[in-house]
Amino acid sequence: MTDNVSLISGVASRYATALLELAEDQKAVEAVENDLDGFEKLLGESADLRRLVQSPVFSADEQLKALSAILDKAGLKGLAANFLKLAAKNRRLFAVPGMIAAFRAALAVKRGESTAEVTSAAPLSDDQVEALKKALHESTGKTVKISAKVDPELIGGLIVKVGSRMIDTSLKTKLNSLKFAMKEVG
C-alpha cells in the first residue's frame, strides 16, 4: 500500500483492510467511516472506555459485554459494530485506535486523498479549516482531509503535518528559536 498504511502495525492493517473490503462489498463504506468516527469520539470523551479498550485486566467476555452495551447505547450498529465486537472477542480491542487509523489511511489512498494533522493553539473555525484545505490542495494536488487537535502551549500559529512534511509556524517554536539565537549572541 502506501507509507501511511505501512507505518501502522500489521495486525491493525490486516483488520482495517478486511473491514474496508467488507464495507466495499456491502456498499457501506461511508456508514462504517461515520460509525468509526463516532466510536473514536466516544474513546476521546470517556476515560472508562479508554481503560476498557487498553487494559489487559478485562477478559474477552467482559470486554465484549461492556462494548456491546456501549455500542447499543451509542446507536452504533452494523458492520462497524460487528467489527469492534470481533476485535474484543479476539482480544485485539487495544489495537482498535490503530485499526481505525489504518482504515482511514487505506480509504484515503483509494479516494486519492491525503490527511493533514493540524495542531493549533485554539480550535479552528470552519472558514479557517476550509482555507487550510484549499491551500493544502493547491500545494499537494490532492484532496486534503484535516485531522485537527488543539494544544494551548503553542500560544499561536499552527503545526501542519502532511505525510513526511511538517510546517511549524507556532509562536512557541518561534520564541524558542529566538531564545536560542539570543544565547548564541550573548
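We'll go from the overall layout to single residues.

Trainee: Before the labels, what kind of model is this, and how are residues numbered?
Mentor: This is a predicted model, where local features need pLDDT of at least 70, side-chain atom pairs count only at pLDDT 80 or more, and totals for chains, interfaces and linings use all residues. Residues are numbered from 1 along each chain as its sequence is written, and side-chain values use heavy atoms, with hydrogens and water left out.

Trainee: How do you know how confident the predictor is in the protein chain?
Mentor: Look at pLDDT, the predictor's confidence in each residue, from 0 to 100. The chain's mean is 90, and 95% of its residues reach 70 or more.

Trainee: What is the pLDDT over residues 1–7?
Mentor: Below 50 there, although that stretch does have eight contacts in the model beyond near neighbours in sequence. Contact means heavy atoms within 4.5 Å. Where pLDDT is low, the predicted coordinates should not be read in detail.

Trainee: How many helices and strands are there in the protein chain?
Mentor: Nine helices and four strands. Along the sequence the pattern reads α-α-α-α-α-α-α-β-α-β-β-β-α.

Trainee: Why is Ser 120 called buried?
Mentor: Buried means under 20% relative accessible area, exposed means over 50%, and partly exposed is in between (1.4 Å probe, protein chains only). Ser 120 has 3%, so it is buried. The residue sits in strand β1 (residues 113–120). Leaving aside neighbours within four places in sequence, Ser 120 is in contact with Lys 149, Val 150, Asp 151, Leu 154, Gly 157 and Leu 158.

Trainee: Is Ser 68 buried or exposed?
Mentor: Buried, because its relative accessible area is 18%. Ser 68 is in helix α5, and its side chain reaches the backbone oxygen of Leu 64 at 2.8 Å.

Trainee: Why is Val 150 called partly exposed?
Mentor: Its relative accessible area is 44%, so it falls in the in-between class. Val 150 is in strand β2 and is in contact with Ser 120, Ala 121, Ala 122 and Pro 123, leaving aside neighbours within four places in sequence.

Trainee: Which class does Asn 82 fall in?
Mentor: Partly exposed, because its value is 49%. Asn 82 is found in helix α6.

Trainee: What makes Lys 27 stand out in its backbone?
Mentor: Its phi is positive, about 50°, although it is not a glycine. Most residues other than glycine have a negative phi. Lys 27 is in the loop between α2 and α3, and counts as exposed because its relative accessibility is 77%.

Trainee: What is the phi of Ile 155?
Mentor: Positive as well, about 70°, and Ile 155 is not a glycine. It lies in the loop between β2 (143–150) and β3 (158–162). At 52% relative accessibility, Ile 155 counts as exposed.

Trainee: What makes a group of residues a nonpolar core?
Mentor: They must be buried Ala, Val, Leu, Ile, Met, Phe, Trp, Tyr and Cys residues joined through side-chain atoms within 4.5 Å. The largest such core here has 34 residues, and Val 32, Phe 39, Val 96, Met 99 and Phe 103 have the most contacts inside it. A second, separate core of nine residues includes Val 118, Leu 132, Leu 136 and Ile 146.

Trainee: What does Phe 103 touch?
Mentor: Not counting residues up to four places away in sequence, Phe 103 touches Ala 16, Leu 19, Leu 20, Val 32, Glu 33 and Leu 36.

Conventions: Helices (H or I, at least four residues) and strands (E, at least two) are DSSP runs, numbered from the N terminus. A polar contact is a pair of N or O atoms within 3.5 Å; within protein, one must be able to donate a hydrogen and the other to accept it, and residues adjacent in sequence count only if both atoms are side-chain atoms.
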